[in-house]
Each structure stands twice: as structure tokens, then as C-alpha cells.
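Hi everyone, thanks for making time this morning.

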Amino acid sequence: SAQKADSGELVGFQPVTLEAANAVDQTWPVISPDYDFQVLIPWGTPLEPGACEEWAGDPDTRPSPEDAALQIGVGHDGMWFYPGDAKKGYGIEGYEFVSTHGVLCINHEYGSNTHVLGKSAPENLDDVRRMQHAMGVSVVAIAKRKGGWKNVKDKKSRRIHANTPFMFSGPAAKSDLLKNGAGNVPLGTLNNCGSGPTPWDTYLTCEENFNGYFGASMPMVLSEEQERYGLSENGSGYGWYNFDKRFDLSDDDYANECNRFGWIMEIDPFDATQTPVKRTALGRFKHEAIAIGVAADRRVAAYMGDDERFNYCYKYISDRSIENCEARGVSPLDEGKLYVAKFNDDGTGEWMELTIENPVLAERFADQGEVLIYARIAADLLGATPMDRPEWTTVGKDGEVYWTMTNNSQRTEPNAANPETPNTHGHIIKTTGGHVNTSFRWEIFMLASSTSGTEGSFASPDAAWADAYGRLFIGTDGGQDDGLQDQLTVLDTSNKNAMPKRLFMGVVSDEITGFTITPDQRTAFINMQHPGNGDPAATNFPAPRDYMTIPRDCTIVITKKDGGIIGS
Ligand code: FEO
Ligand code: CA
Ligand code: CA
Ligand code: CA
């Protein structure tokens, strides 16, 4: 029940100008003169308050594995705020939810070995556990107090990490391809990038570059399927497979461990005893984020990007309404159809169903479970349109969907939906045509290159959230022009000629990602990921300036000085 927009311009604030952005040393953020910010829950914060925050001291000190599992993790990314009375007010028309306390679910995508361990590779299983426990998801109760937002003691707070038991549900749940010789309790979530809330107040966390944690301790030949998912003998340098067999592709007992990642996991923010569930109907790929739209008939549509160069845009449609599923005790995310996008040159598009009933897929796959486990290969076979790294999705005020294409340094052949070669700045695509239809219309909403050299300058759009009034908030991840660091910028989607306005600019080598907001839209939360790339010589943010310590990923709380709606 967000309140009406304040009077005045939809996006009326004074932006961070290029001049102001370039006047600072960029080891500290800069925000619009109309706004304030505070730092919340940096990496290492005890999940239950009381212990001191270890700002001071030796920058080489890192948490133990045991501590890491009880602290806020590293690599803050997608998140969502659930008001404290979300359950009480659920489904009540016009209910005004509280905006002063609630539960924040937050992804911890990754931290580099040098940042988390203080060395380039793990040397033993203890080091691997330190890494594993620093990543995943935090569920953290927070409240607005005198002096700002704080994390507070609450039995809902919990950590979910690479060793937390979970369950599979949906069409692939019982597939042999998800079973392991060494035991069948599935464990953990990895590379939790973007996220999305459900209309029934749960949290969906998306597993992106899971491939990088796997490798092979013995020489091996990777399968076609493993290669399509980017798995390799060396991984991305985490080195876990040298000490933890689960991540060793050459260990026969764990041959299918890699198939247990690349999913979307559902977490109940209000029940710390819930076993998280990976919803296989949503397919397996490098899931960036998810945005759910509810159709007039109360079925849900879920829009999802697969973030890798030349990969695809996906959509899921539930078979039945939220209420029908609720009455039968099933999840709307377990019974439905998965589609992949074909963008035609004329501004139309098709959602092509990934179903074993399609003869092209029946020839390649044994059953629907296998289609979902290898959704990328199924999408290849149907001729989906290769995109410029689909990142976040968000549903706008009229049901339109915005898709960020972050960039694609390797594109040489353009298509209408990805026109730049190479695409160094990225773009935003808008699709329309209804949540439950299988055809759509699309347009290029904005080429980020068109803003270069202007006051609205931004590049590499990544995180995205649209409010109910037409504001579109974009977080960036990648090289910016015009002397800028990564930023949060705001677009007025109701005015085709409006330029983006810069609300916040981060520090050197960080990424601005995640976006969530209180129900009254007067407090927003964004994340600063990998400030200074973890290098204390680059910045010590967010520690006080005179503290010698490594920089820490953290949440930034944004409020307007006049108490107004965020973005106004
Ligand atoms: Fe984790 Fe595609 O960003
Ligand atoms: Ca991202
Ligand atoms: Ca990115
Ligand atoms: Ca990132």
C-alpha cells in the first residue's frame, strides 16, 4: 500500500552532477544534495547485535568459519524488505504496512579469495569453509531507531550458505540428474546474485555464476552439458575443489553436484526453521534475478534473465491462480510452463515453450526434468535470441517489463534487440503484451551510450526496480564514462525525453546493486558490492576514514531530507 506520489515532479531531485562527482576523491560515496545516506550491516556484522563491529585493528584479520556462519556475509547484492506486519496485512485491501521495522533478505553473491581470506587461494578445508560461510543469504531483522536503521535481535534472523540443507520441488525434483552417489541431501546455495519477492511474501534468491566454484582435481573430459554451463577443470580460481569433494567434478560420487546449482531458491523470511526450496520449474541457467507480475486472472508470470554473453530472456507462467494454488497447498512456482524469448526484427516477439511435448526437445531429452535442468540447451534448440547479458527485470506501473542488458564486449553481429557492436555501454529493453500471453511487443527503452557525455551519463545497467508511479531505479556494474564510478540513477518512464538523474555514486571499483524500499517509499536500501575490490589501498569504506581496515560490502540506507518519496 504505497502512498501516492508527493506533488511535484516525478523525478524532481537535484542530481549528483558530473562536476560534483569529479570533485570528490571517490574513496567515499556522494549523494544528491536533497538526500542523506547511512551504512547498514557491513560484511562481518554479527547477525544478532551486541558484539562490537570490528572496524579497528589489523586489516589482515578475517572471520573464522564458525564466526562467518553467524555474521552478515560478503558480496551484498539483491535484497528485499518485508514489513514486520506483512503476514497480518496480507491480502487486506488498503492495509497500510509499517515502514519502521521488518525483515531484510539479502544476497551475498561472492567475495574474492584475497578479500575474504587475505590470500589468493585456500590452503585447507577450513579456508574453504570460511569462504562458503561468508556467501549465500542473510535474513536479518532491522528497525528504524533514533539515529537510524539498525539490525535487531529477532528469531527470524538466519544465515543460509553453501552448506545449508535445502529441498528441490517441481518437475525436475526427482530426476536422477540431481542425485549423487555420496548422499542425497542437497546442500547449499551459490553465487546469489539478484533476487525478487513473491506476492505471497517469500524471497527468491537467484544462483548465477555457480560454475566458477567447481573444478577438477584429476584430468577429465567435460560433458557437452557441463561445457554449456561454463564448468571447467580450473573454475574461476576459488580452488574449493582441492579440499571439498562436492566441488570436484572429477569425483564420481559427486558427478551431479553441479546440477544442483543454477536454480532459484525460495526462502520464507518469517520462519527461520523453513527448509529453503529450489523451484525447478523456473529452469536452470545463470539466474540473474526474477520479477513477478500478477495477471488479471491471478496467475503469475516470472521474468528472468540468464546473465552471460549471448544468453537468453525467460518467462514462466503458472498454470493456476495464486489462490487456487494456496487452496491446494502447492506453490504457483511448481506448476507452470517455462518459455524463452525470440525477439523479431519488427518489434514483435514470441515466448517459446520449453516442453518435452515439442518434438525437437523430445528427441534430445528424456523428460521434462531434463529439459529444465538443461534449459539453456533446450533454448538453443528452439532458436532463442542471443542477448547482451540479460541482468535484472522489473515490472512497471502498467505491467510493462524492463530488462537490463548490461553490455557485450564480444558482439560483432547485431540483431534488432541488441543493435550495438560491440555493446560497451549496455541498454534497457521494454516488453509489453500481458503477463499470460505467449507473444509480446518490445522496444529499446534506452541505449546507455546515448547518455555518454551528458549529465545523465551511465553505463552497464544491472539492478532495476520500477515503482508504481513510473520511476525506474537502475544500479550499474561496470566502467562508467565521464569520470564516474558505479551509481544509482533514476529514470522517469512516463516521459520519453527525460534523462536519467544520478541519485548516488559509489566508490572506486565497487558496484551498486540491489534495490528495495519500505512500503511508504520513504526509505530505500541499495547495496555497495566489492568496494575497492577489497583492496585497503583503494578505500577503507565504510569504516571511519582514519581506521586501517579492508573495505567491506554493505547496505546503503537512503532517505530524502524533506522526508519525501525516494526518487522524487
Ligand atoms: Fe551477478 Fe549478472 O550479476
Ligand atoms: Ca548483477
Ligand atoms: Ca553485472
Ligand atoms: Ca556483482
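Let's start at the end of a helix: G383, which follows α10, has a positive phi, near 80 degrees. Helices here are DSSP runs of H or I with at least four residues, strands are E runs of at least two, and both are numbered from the N terminus.

A word on the source: this is a predicted model, where local features need pLDDT of at least 70, side-chain atom pairs count only at pLDDT 80 or more, and totals for chains, interfaces and linings use all residues. Residues are numbered from 1 along each chain as its sequence is written, and chains are lettered from A and ligands numbered from 1 in the order in which they are written.

Back to α10, residues 375-382: A375, R376, A378 and A379 are its buried residues, buried meaning 20 or more other C-beta atoms, placed from the backbone, within 10 Å of a residue's own. Down the helix axis they fall within an arc of 160 degrees, so they line one face of α10; the arc is taken over directions from the axis to the C-beta atoms. Their cover includes α6, β14, β16, α8 and α9, with contact meaning C-beta atoms, placed from the backbone, within 7 Å.

Now α5, residues 125-134. Eight of its 10 residues are buried, so the rest of the structure largely encloses this helix. Among those covering them are α2, β4 and α4. Just after α5, G136 also has a positive phi, about 115 degrees.

Zooming out, the chain has 10 helices and 28 strands, and 55% of its 568 residues are buried.

Notes:
A residue is buried if 20 or more other C-beta atoms lie within 10 Å of its own, exposed if 12 or fewer, and partly exposed in between; C-beta atoms are placed from the backbone. Two residues are in contact if their C-beta atoms, placed from the backbone, lie within 7 Å.
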